[in-house]
Amino acid sequence: MNIRTIILLLALLPLSVFAQSTGEKTYVVGAGATPSTDVADAVYEDVRHEYVLHPDGSTVYTYSHRLRLLTNYAFTRAYGESFITYNPRWQTLDVLRSITTMRDGRKVESPFNAYNEVLPGYAASSAPHLGLKEMVVTHVGVEAGAVIDFSYRLTTKPGMLPGLMGRVVFGARSPIQKLSVLVTVPRDIALTHAFVRDENKPDVTEQEGTRVHRWMRRDLPMVEVEAQQPPLENFLPVLHFTTATKDDVIRHCLQDAGDADLGPAQAAVDEIVRKESDPVQRAAALQRWVLERVGRMGGPLDILGYRAMAPAATLRANTGSDLDRAVLLAAMCRAAGIDAVPVLFSSDVRSEGIIIKSTHTGDSRIDEFHPDAHPDIASLPLFPHAAVVCSAVGQYVMLALDPARKQTGPMDPKYWGRFYLELKDGTQELRQYMPLAVLSPSVVRVTSDWTLGADLTVKGKSSVSTAGIHGYALDPDHLNGLMSRTLAAAGQGVRVEPGDVEVRASAETVCEADIAAEKGLTVVEGIAAFRLPAAPHGVNELHLPLGDLRRTTPVAVPGTLREEQRFTLHLPKHVRAATVPAGIDVSNAVGSVRSVITADAHDIEVTRVIEISDARLEAPAYPLLRELLRAWNHPAHSTLQLRVAN
């Protein structure tokens, strides 16, 4: 080995392997490291969240962390900057500390030009929200082995939120050696708190007329980034707390909403009512009108304090938050004769092991909830999604309309099974949208009858039907586009001409398409490969992970589903099936796959069915999902091998 090679290897060594002592544990990172929670780009040595409610209703949130960087990636891509978003109308930001201790012990403080305020990207096209700020703090002196000591304080005036409330996720993309949460309220103010997926109880002390609640955890493992992973708050322990009641929350959200005057939108409502006699299609048309005609400020609702503008104000501004648009859409639905109310949806239905505790002077209670219940506390961060719920629309007991994105079906998988809070005076009950026990799975069926001509071109018909949470009853035309894309990949490229979409009373959508190939199959050494047609929005459209690595986090499947494919290919005299594979029959705790191919001198018949019975799979179930997907995508059952005689 020559000198130049040795120098090159030494130069690359810090990039590939780095071991850094943290006092309690050594974290090893780099090529050859064993996959475990010890493989990390950085480690939080200490994280602290502190909330204080003052007697005048103002709140102070102080955040701080000590972060040790372990790799170059940690400061070039992950932790080289810190971002703080706030609303100057209500909040004052003070960065208290941004100091880097380098590996040799030198301390470097972020200079004045390391602090830059920008407009959050989600507010860029929304004129009423151009005052929002995002502070970008650039950390200097960073290197592998350096420690970033960072802290800031956010002071909020009374009225932005109805009291003190917050949410803390106990976990992050890097390990946390120590995480502390302190919530201080006046002694005469009750604090209700709930821990999701944990029973971490606070240490409560009283001092100088206040009550201090302290939660602390040590040695939280890192959460790896994995495909189809739910948001962290949907599977990690989460602390929620609030000093508000449901009445406080509802009054707060609606205080600026005013009356239901629609102004120029009333003409649009009248036109939609005139055109659409079916109440479901009328609701869908109103949802599309808001989606297409009113701009969206897509930021989180808490940056605006969950305060909704009046419908007329949203129309004048021609833009609004998701909550503003929900209030507008609900008002338009009511004007069109549809019973509708704006709501706030929870982030997830699975909230195992919930304990809710309310503390007050001389009073303490603990209520145990069913493991699948949602925390019934009035904390707005529990409900980050705004929507509209309509009652008794056509054949539906309830119908959720999303003001933020295109919606194809009446049972949107984004909301099914989740809890919601109605923004309506006098409302107290927390409701569940389409409980899991009564919700039918998504079903998609593709039935094809194709004929292979003597010139090896194909023609025929395919029928597609969909129902359930991935239906297309609210946007039938969308099914045409999906059919054209998915069916066109069959054979070796075909032309697809979908017909009209029929929406049945059961909300099933059915469409038939004519199929014709523009050229014949390619023959190589007497064999032609024929790809089977896929299903629009079928299992393969979900892009579920298929890797061989062990899984550490849940897999988010957008709803239970069943896909059925029935395919017949009529053969000319000089073509036969080259092989007929054995059938596949796999069943496990996640679902099942069955695939059967039969052939004779005239026809090839294919029947394939896959069913996935759980909408969120925990990490131990991942191998079972992978087993199903590999069986479903077995090459011998997705592509027919045809022998072509000369």
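Predicted model: local features only at pLDDT ≥ 70, side-chain atom pairs only at ≥ 80, totals over all residues.
Strands here are DSSP runs of E at least two residues long, and they are numbered from the N terminus.

**The chain as a whole**

The protein chain has 646 residues, and buried ones make up 52% of them. Its secondary structure comes to 10 helices and 39 strands. Among contacts between residues at least 6 apart in sequence, 72% link residues at least 24 apart.

Most residues other than glycine have a negative phi. Glu-208 sits in the loop between β14 and β15 (210-220). Are these two buried or exposed? Arg-197 has a relative accessible area of 17%, so it counts as buried. Glu-208 is exposed, because its relative accessible area is 83% and the cut-off for exposed is over 50%.

Thr-101 is part of strand β6 (residues 91-101). Its relative accessibility is 19%, which means it is buried, the limit being under 20%. Skipping residues up to four places away in sequence, Thr-101 touches Arg-106, Lys-107, Ala-146 and Val-147. With Lys-107 there is a side-chain to side-chain polar contact. Thr-101 and Gly-145 are 44 residues apart along the chain, yet their C-alpha atoms are separated by 8.9 Å.

Glu-508 lies in the loop between β28 (494-503) and β29 (509-517). At 17% relative accessibility, Glu-508 is buried too. Apart from neighbours within four places in sequence, Glu-508 contacts Arg-445, Ser-465, Thr-466, Ala-467, Glu-502 and Val-503. The Ser-465 side chain makes a polar contact with the Glu-508 side chain.

| Residue | Partner | Distance |
|---|---|---|
| Thr-101 | Lys-107 | 3.1 Å |
| Glu-508 | Ser-465 | 3.4 Å |

**Helices α5 and α7**

Two packed helices are described by the angle between their axes and the distance between the axes. For α5 (residues 279-293) and α7 (residues 322-335), the axes come within 10 Å and cross at roughly 145°. The crossing is right-handed. On the α5 side, the contact is made by Leu-286, Gln-287, Trp-289, Val-290 and Leu-291, while α7 brings Arg-325, Leu-328, Leu-329, Met-332 and Cys-333. Sorted by type, the residues of this contact are eight nonpolar, one polar and one charged.

In soluble globular proteins, nonpolar side chains tend to be buried together. The largest nonpolar core in this model holds 55 residues, and those touching the most other members are Leu-286, Trp-289, Met-332, Leu-344 and Cys-390. Elements that each supply at least two residues include α3 (246-254), α4 (265-275), β19 (339-345) and β22 (385-393). Which helix gives the most to this core? That is α7, with nine residues.

Met-332 is worth a click in the viewer. Beyond its neighbours within four places in sequence, Met-332 contacts Leu-262, Ala-265, Val-269, Leu-286, Trp-289 and Val-290. There is also a second, separate core of 36 residues, with Ala-74, Val-168, Leu-191 and Phe-241 among them.

Terms used: Residues numbered from 1 in each chain as written. Heavy atoms only, no water. Axes fitted to C-alpha atoms, helices over the stretch in contact; angles between N-to-C directions. Helix = DSSP H or I, 4+ residues; strand = E, 2+ residues; numbered from the N terminus. Left-handed = near helix turned anticlockwise from the far one by under 90°. Contact = heavy atoms within 4.5 Å. Nonpolar A, V, L, I, M, F, W, Y, C, P; charged D, E, K, R; others polar. Core = buried A, V, L, I, M, F, W, Y, C linked by side-chain atoms within 4.5 Å. Buried < 20%, exposed > 50% of the residue type's maximum accessible area, 1.4 Å probe, protein only. Polar contact = N/O pair within 3.5 Å; in protein donor to acceptor, adjacent residues only side chain to side chain.
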